[in-house]
Number of protein chains: 2
Amino acid sequence: MITAATPSAQVQAAPYAARVGMAGAGQLARMTFQAAADLDVRMQVLAGTADDAAVRAGAPYRLGPPDDLAALRTIARSADVLTLDHEHVPIQVLERLVADGHVVRPGPRAVRLAADKLHARRDLQAAGFPVPRFAEVHDVAGVAALAERTGWPVVVKARGGGYDGRGVHVVRDVHEAAAVLAAGGAWLAEEHVDLGSEVSVLLARRPGGETAVYPLAETTQVDGICRELTLPALLDPQLELDARELGIAIAEHAGVCGVAAIELFVTTGGGLLVGELAVRPHNSGHATIEACRTSQFHNHLRGILDWPLGDPGLRVPAAAMVNVLGAGDGRTTSRLPRALAVPGAAVHLYGKAERAGRKLGHVTATGPDPQAALQIARAAASELQGA
Amino acid sequence: MITAATPSAQVQAAPYAARVGMAGAGQLARMTFQAAADLDVRMQVLAGTADDAAVRAGAPYRLGPPDDLAALRTIARSADVLTLDHEHVPIQVLERLVADGHVVRPGPRAVRLAADKLHARRDLQAAGFPVPRFAEVHDVAGVAALAERTGWPVVVKARGGGYDGRGVHVVRDVHEAAAVLAAGGAWLAEEHVDLGSEVSVLLARRPGGETAVYPLAETTQVDGICRELTLPALLDPQLELDARELGIAIAEHAGVCGVAAIELFVTTGGGLLVGELAVRPHNSGHATIEACRTSQFHNHLRGILDWPLGDPGLRVPAAAMVNVLGAGDGRTTSRLPRALAVPGAAVHLYGKAERAGRKLGHVTATGPDPQAALQIARAAASELQGA
């Protein structure tokens with residue numbers, strides 16, 4: 001006797017709790033899409049290709065480049081809120097969507113602070129936030145002039161567009177600077193900070209200002225790419241307090257809505273300097289899926305939808321996350337069972353085509369302390385990377 | 001400068017780590033689909049309607065009733081493994097798919113034990129497992145004959161197809177029995193067990209027999225529907241050991257592959273009797289998403305794909321889950337923000353159209369002890385139910 005096997009045939013489809021559009025369809029969109037199902041949020045993405053990570057995970061999509069105003073308008077028209085998984089939508093396009101009456105969260109002002117590194121340095125410095133010494137540079141002489149003040153090496157950065165270390169170059173002299181600038185484009189140079197550590201202040205914010213701050217995470221970057229993260233960061237309590245307050249103040253200043261990550265440099269002298277700002281779910285928040293009462297992806301949706309934010313506190317004593325980078329042999333996915341054999345590792349693959357050094361996934365582990373968790377996450381990531 | 005915004009356009013799409021087909025597209029398929037993205041598993045479902053929970057969450061699908069051999073064949077042909085989110089696929093259809101050479105996990109033998117309650121009672125009794133006293137009944141006289149041995153009330157159950165208490169009736173006398181049997185169909189009657197508590201042994205199993213057993217959960221049923229669950233169950237250690245061993249032995253006997261839940265009655269005398277058997281992710285395992293190192297949905301996929309199983313251990317001291325049932329006023333989804341305002345509650349909505357008493361979602365909370373977590377989960381579920 002088969003009873004009521006297709007019960008929903010008898011009743012009308014339920015309305016969604018909310019509809020969100022997202023520009024971008026990478027791994028951040030993919031994981032936000034996974035979280036959206038919990039909240040019965042329909043989420044449509046603007047994808048570059050039908051193979052993009054979020055599309056592969058089942059997200060409804062439209063194809064188009066990040067500056068495709070027509071596609072974004074179509075997505076926005078069927079959404080309560082339009083949001084972003086990257087900072088590549090031109091500010092003028094976002095402003096146009098806002099002018100059309102669409103709800104764009106975060107808004108253009110916050111996105112510009114994340115997208116335009118020179119603007120961010122100037123704006124945050126003018127607002128009194130501690131930033132590394134920097135200068136707009138048009139030529140090698142400009143880089144050399146900064147180095148006069150700060151000493152070599154100097155960091156030369158593309159003004160916009162870069163991510164995962166693209167467009168970020170540590171140059172040791174004018175010859176190296178010249179080689180970088182030869183590529184053309186708009187650049188800034190800034191002092192190379194002598195780092196004690198790097199921490200990420202991850203938070204979520206609602207339009208009214210309610211803010212949920214995650215426990216601070218310590219990140220390890222290699223070649224400008226976040227490679228590893230431990231949670232919580234083991235900092236001096238006063239420094240931790242200062243870092244949280246600095247992160248909150250910057251998020252307020254930027255008018256962030258949804259999740260933002262403020263990367264901070266802890267100098268060897270124990271001071272804090274603002275690194276990069278992201279106004280979307282961030283690599284430094286992936287461990288929140290397993291480690292926190294509310295993941296950054298759930299809280300991004302809750303923030304942009306103006307719903308009560310979820311508790312960002314840890315469920316566990318500690319956690320660690322290690323990114324999985326493509327080994328370049330095309331066999332990362334086929335090594336998945338080996339990584340799954342590492343006890344306690346939570347593997348996340350993004351379904352992305354492999355390229356050497358490309359972020360293909362991450363591994364999170366939780367445990368009694370950050371280092372114990374890190375060992376597990378590293379072991380599983382190494383298996384995937386064939387190391 | 002926009003660099004590499006659509007990187008996947010330049011490279012070939014990656015192959016999936018694996019492909020799974022699933023008969024059924026309800027909330028279990030939906031949550032399995034959410035987990036599938038972590039493992040880069042493509043999962044296609046057989047759905048009754050395009051509004052089914054898993055389809056709404058983005059799962060690729062084919063439409064058809066559970067006995068649609070042609071549709072199941074099409075799904076199986078593009079999958080490494082075919083699995084199930086319910087027990088409504090007729091055993092002959094499963095056997096036909098196996099004869100065709102498709103990999104069906106769990107196999108027909110295990111599914112029959114979950115689908116046919118009379119067969120399960122007979123088979124498990126013959127194998128020496130402790131089951132309540134029961135009898136196949138064709139008429140009121142049969143029910144009365146069982147009651148002669150066990151006393152009233154007696155439980156009259158539809159032999160197959162029922163779930164969430166459908167087809168399960170506690171009858172106090174021959175008149176009530178007659179009213180139930182008047183509906184027609186195949187029935188069994190069994191003794192009404194005087195319950196101390198009910199526990200669920202949730203486990204995952206690979207084809208070779210490797211088994212991961214979750215911490216025992218205590219369930220509270222109302223009208224045959226699982227309403228609440230606390231994790232871990234606080235049992236006498238010997239009883240807990242006995243329950244685990246009984247669950248493992250039944251799973252082995254049934255040849256389970258993937259996740260199974262063995263519901264056990266703990267009698268007031270402290271004995272164990274086998275209740276229902278499910279050979280798929282189960283309501284009693286939803287809290288594993290937040291509470292355990294590996295969720296039941298991830299482990300179901302890992303089990304059926306013959307990948308190393310994930311650690312089923314708790315990440316947290318304790319957890320609780322409360323189902324969200326439709327209030328019947330059509331406003332459950334609109335009350336979501338109120339539920340999200342309950343600190344620490346992890347809300348999962350299934351996107352199902354509302355009907356009074358229908359399972360529309362669940363809430364999980366984790367905490368220092370099961371009762372503390374239960375209070376949080378209850379509070380959020382009550383908000384959704386408008387209570």
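This is a predicted model: local features need pLDDT of at least 70, side-chain atom pairs count only at pLDDT 80 or more; totals for chains, interfaces and linings use all residues.
**Chain A overall**

Chain A contains 13 helices and 17 strands. Its radius of gyration is 21 Å, close to the 21 Å given by the globule rule for 387 residues, so chain A is as compact as a globular protein of that length. The C-alpha trace spans about 85 × 50 × 45 Å along its principal axes. Among contacts with a separation of 6 or more, 62% are between residues 24 or more positions apart.

| Property of chain A | Value |
|---|---|
| Residues that count as buried | 61% of 387 residues |
| Accessible surface | about 13,600 Å² |
| Part of that surface from carbon and sulfur atoms | 50% |
| Distance between mean positions of the 36 positive and 41 negative charges | 6 Å |

**Helix α7**

Helix α7 of chain A runs over residues 140–150, and its buried residues are Gly142(A), Val143(A), Leu146(A) and Ala147(A). These residues lie on the same side of α7(A), because the arc they cover around the axis is only 140°. Ala141(A) and Glu148(A), on the other side of α7(A), are exposed.

The cover over the buried residues of α7(A) includes the strands β5 (134–137), β6 (154–158), β7 (168–171) and β8 (187–191) of chain A. Helix α8 (174–181) of chain A is also part of that cover.

Terms used:
Residues are numbered from 1 along each chain as its sequence is written. Chains are lettered from A and ligands numbered from 1 in the order in which they are written. Side-chain values use heavy atoms; hydrogens and water are left out. Helices (H or I, at least four residues) and strands (E, at least two) are DSSP runs, numbered from the N terminus. The radius of gyration is taken over C-alpha atoms; the globule rule is 2.2 Å times the number of residues to the power 0.38. Buried means under 20% relative accessible area, exposed over 50%, partly exposed in between (1.4 Å probe, protein chains only). Contact means heavy atoms within 4.5 Å. Accessible areas come from the Shrake-Rupley method with a 1.4 Å probe; for residues, only the protein chains shown count as cover. Lys and Arg count as positive and Asp and Glu as negative; His and the chain ends are not counted. The place of a charge is taken as NZ of Lys, CZ of Arg, CG of Asp or CD of Glu. The arc is that of the directions from the helix axis to the C-beta atoms.
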